[in-house]
Amino acid sequence: MEAPAPGAASEVRQRLDAYTYLSAPERLEHLAIMRVFCGTLLADLAVSDVLAKLRQASGPAAGLDADTLTVRLEQLVRWGNLLRSSHTVKASSISEYQRSRSRYQLSKLGERIQRDADGVLAEADAAREVSSELLALVERGLRELAELVTALGGIEPQDGLERVSTLFVQFTEFADSVRDFYAYLGQVLARYDLDSAEYQGFKELLLDYVEAITEDVAFRAPRISAALDTLWPHVPGLLARLAAHAQGLPGLSPQGDGRPETRVQRSRGRELADWEGLRGWFSDIDGQGSQVDQLRDATLRALQSLLANAKRMLRSATGEMSRRKDLLRLARWFDEAAPQDAHDIAVAAFGLYAARHLGIPPATDEVVPAYTSWWTGPVVEVPVALRERGSRAQRGRTSSVEDHSVQKQRLRKAARERVAARAAAADELRSASGRFAEVRLTSAALGLLLELLATALGNAQLRRRAGTYGDGVTGFDLGQAHSEDAELDIRLTVRRRAGTRCALHSVDGDLLLDDLELDVGRASADADDSDAEVSVS
């Protein structure tokens with residue numbers, strides 16, 4: 001690993017120094033001072049102004065005098081949290097000038113650190129609700145963006161800018177809420193002092209709320225991945241159009257005229273790395289697993305922790321819980337007791353009488369009177385584990401959990417093959433539309449066509465018609481007979497044409513449809529075309 005450049009190391013050290021005020025002995029006073037500056041925007045404050053605001057807030061720094069406050073402000077300047085202001089002082093006297101010449105303003109790094117610190121102090125232990133409804137908005141936004149980008153002429157730059165910004169705001173909020181919630185959940189499940197009421201509440205939380213989150217993510221992740229796969233080849237072009245339309249902060253970027261370079265943090269979604277992070281959240285693109293897989297594993301670990309707590313509570317109910325506090329109290333009693341009292345305590349606490357009774361009953365067919373002596377009574381077989389270790393528990397290694405990873409991989413592969421076969425059948429039907437009599441369909445294509453035809457005829461509304469079909473027979477009017485599959489992007493439209501015959505040839509045989517015409521197209525294209533919905537007469 002290469003060592004960082006001296007300039008980069010100095011910059012990192014300077015940024016870390018800005019966190020020093022949070023661990024200094026006067027950290028409460030520093031926090032109060034920084035909150036005063038964070039409450040203003042682009043304003044510089046003199047010592048007297050800060051002192052007045054501190055006394056008004058009545059916080060830990062309300063009792064500071066002007067000299068001590070000046071020392072605190074100068075220290076914050078050295079750490080990089082505050083900056084000396086370049087404000088021009090207008091004073092009518094020397095005393096007024098001396099009071100007003102030292103003015104301070106907030107630095108960007110100081111404002112960021114203070115904002116994060118206030119967030120940690122206010123909501124560190126709170127359970128953050130997962131914004132699961134944002135995942136549906138992300139899916140819809142990606143699908144609509146993919147349709148607009150892949151359409152003829154592309155998307156309008158302003159419309160694309162608004163959609164991309166909205167999409168990444170929604171995704172960032174959802175991802176942050178998931179991360180915060182699972183961090184809180186891990187903190188709770190790591191506790192070993194949950195009572196029955198707390199355990200019941202967290203059990204309902206885990207089994208209901210977490211399960212709902214996991215199921216929602218598992219349901220929408222494949223759809224989002226499919227939309228991203230469609231959109232991915234067009235992302236570089238989309239980013240180029242957005243960058244050309246909205247220059248952002250062009251005056252701060254280097255222009256080659258000798259001005260120092262200033263780094264500009266772009267909005268989310270304006271860089272290719274943002275899109276790679278979004279894609280990596282829902283898809284395994286580097287072989288390390290996606291965030292969806294990590295979410296599933298985290299849920300499993302949470303269930304295991306819940307089960308461990310349940311076992312602990314069951315052991316506590318049967319007396320097998322940790323008795324550390326009781327043993328410490330008993331040890332104190334032994335330490336403070338006289339010798340004879342210590343013997344009595346030992347007998348009362350452990351039952352250590354002269355004779356040891358193991359409590360194993362004799363055989364059921366033997367009747368031993370109460371006056372029978374132990375010396376002459378029947379012998380009872382004592383198990384070796386109880387005789388040597390004083391425990392009835394079985395020893396030995398437990399069997400390992402069977403590994404089903406191979407079966408899972410085989411099932412995933414079979415599911416992917418089925419999806420690929422249906423997608424190929426849909427492509428075959430779309431390409432053969434209008435010339436079914438000239439082509440020979442595969443078995444999968446014919447099966448998909450019959451499935452769509454049955455759905456279309458089943459969804460059609462039947463109405464008795466007063467007219468005839470030309471042969472004097474009264475029939476039924478089928479209105480708007482069509483069916484579609486959004487996943488395969490295919491739509492079948494059925495029209496009634498008297499005297500026509502539609503012949504379907506396949507490897508499984510031939511199918512003749514009288515008085516019907518079939519038209520197969522894309523579902524996305526037919527959804528916007530009102531002429532595609534026709535009646536079967």
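**Helices, salt bridges and surface patches**

Asp427 counts as partly exposed, because its relative accessibility is 42%, where partly exposed denotes the range between buried (under 20% relative accessible area) and exposed (over 50%), computed with a 1.4 Å probe on protein chains only. The model is a predicted one, in which local features need pLDDT of at least 70 and side-chain atom pairs count only at pLDDT 80 or more, whereas totals for chains, interfaces and linings use all residues. Residues are numbered from 1 along each chain as its sequence is written, and side-chain values rest on heavy atoms, with hydrogens and water left out.

The side chain of Asp427 meets that of Arg430 in a salt bridge with an N to O distance of 2.2 Å, a salt bridge being a side-chain nitrogen of Lys or Arg within 4 Å of a carboxyl oxygen of Asp or Glu. Both residues belong to helix H16, where they are 3 residues apart, about one turn of the helix; helices are DSSP runs of H or I with at least four residues, numbered from the N terminus. Arg430 is buried, since its relative accessible area is 17%.

The structure holds 21 salt bridges. Among them is the pair Asp116 and Arg112, whose closest N and O atoms are 3.8 Å apart; these residues are separated by about one helical turn because they lie 4 residues apart in helix H6 (residues 108–123). Asp116 is partly exposed at 38% relative accessibility, as is Arg112 at 39%. A further salt bridge links the side chains of Arg179 and Asp176 (2.9 Å, N to O), which are 3 residues apart in helix H8 (residues 157–189) and therefore separated by about one helical turn.

On the surface, Lys408, Arg412, Lys413 and Arg416 gather in a patch of positive charge, patches being made of residues with over 30% relative accessible area and no salt bridge, with like charges joined within 9 Å and nonpolar side chains (Val, Leu, Ile, Met, Phe, Trp, Tyr) within 5 Å. Lys408 is placed in helix H16 (residues 405–432) and is partly exposed, with a relative accessible area of 49%. A nonpolar surface patch of about 300 Å² is formed by Val12, Leu16 and Tyr19. Of these residues, Tyr19 lies in the loop between helix H1 (6–17) and H2, and is partly exposed at 43% relative accessible area. In H2, the buried residues include Leu31, Ile33 and Phe37.

How values were computed:
Helices (H or I, at least four residues) and strands (E, at least two) are DSSP runs, numbered from the N terminus. Accessible areas come from the Shrake-Rupley method with a 1.4 Å probe; for residues, only the protein chains shown count as cover. Lys and Arg count as positive and Asp and Glu as negative; His and the chain ends are not counted. The place of a charge is taken as NZ of Lys, CZ of Arg, CG of Asp or CD of Glu.
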